[in-house]
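Colleague: I've got a model open and a few things I'd like to go through with you. Can we start with the charged side chains?

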Amino acid sequence: MGEVGLAGEVRAISQAEARLKDAAKLGFARCVLPAANLEKIERTAALKKMELMGVRTVDEAMERLF
């Protein structure tokens with residue numbers, strides 16, 4: 001999740017922690033998110049089970065996923 005800029009950068013989003021908690025409730029086990037958001041996430045019990053990958057560019061996201 002994140003906002004993608006024209007140059008391929010992955011920008012931070014608002015309410016990332018709440019969105020991650022909702023994703024965890026829905027059963028998601030892995031999430032790619034902006035590195036800027038990852039640095040601010042508090043790893044609660046629900047989020048400790050998720051694999052969180054912080055990325056700065058779309059290319060980096062694709063490398064981490066595939």
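Colleague: How many salt bridges does a search of the whole structure find?

Modeller: Keep in mind that this is a predicted model, where local features need pLDDT of at least 70, side-chain atom pairs count only at pLDDT 80 or more, and totals for chains, interfaces and linings use all residues. Residues are numbered from 1 along each chain as its sequence is written, and side-chain values use heavy atoms, leaving out hydrogens and water. A salt bridge here is a side-chain nitrogen of Lys or Arg within 4 Å of a carboxyl oxygen of Asp or Glu. On that basis, the search of the whole structure turns up four.

Colleague: What separates glutamate 17 and lysine 21 in helix H1?

Modeller: Their side chains meet in a salt bridge, at 3.8 Å, N to O. Glutamate 17 is partly exposed at 22%, and lysine 21 is too, at 32%. Helices are DSSP runs (H or I, at least four residues), numbered from the N terminus. Because the two sit four residues apart in helix H1 (residues 16-25), what separates them is about one helical turn.

Colleague: Is asparagine 37 buried or exposed?

Modeller: Asparagine 37 belongs to helix H2 (residues 35-38). Leaving aside neighbours within four places in sequence, asparagine 37 is in contact (heavy atoms within 4.5 Å) with Ala12, Ile13 and Ala16. Its relative accessible area is 8%, so asparagine 37 is buried.

Colleague: Which residues form a nonpolar patch on the surface?

Modeller: A patch takes residues with over 30% relative accessible area and no salt bridge, joining like charges within 9 Å and nonpolar side chains (Val, Leu, Ile, Met, Phe, Trp, Tyr) within 5 Å. Methionine 62, in helix H4 (residues 58-65), is partly exposed at 42%. Together the members have about 350 Å² of accessible area, from the Shrake-Rupley method with a 1.4 Å probe, where only the protein chains shown count as cover for residues. The patch is Met62, Leu65 and Phe66.

Definitions and conventions. Buried means under 20% relative accessible area, exposed over 50%, partly exposed in between (1.4 Å probe, protein chains only).
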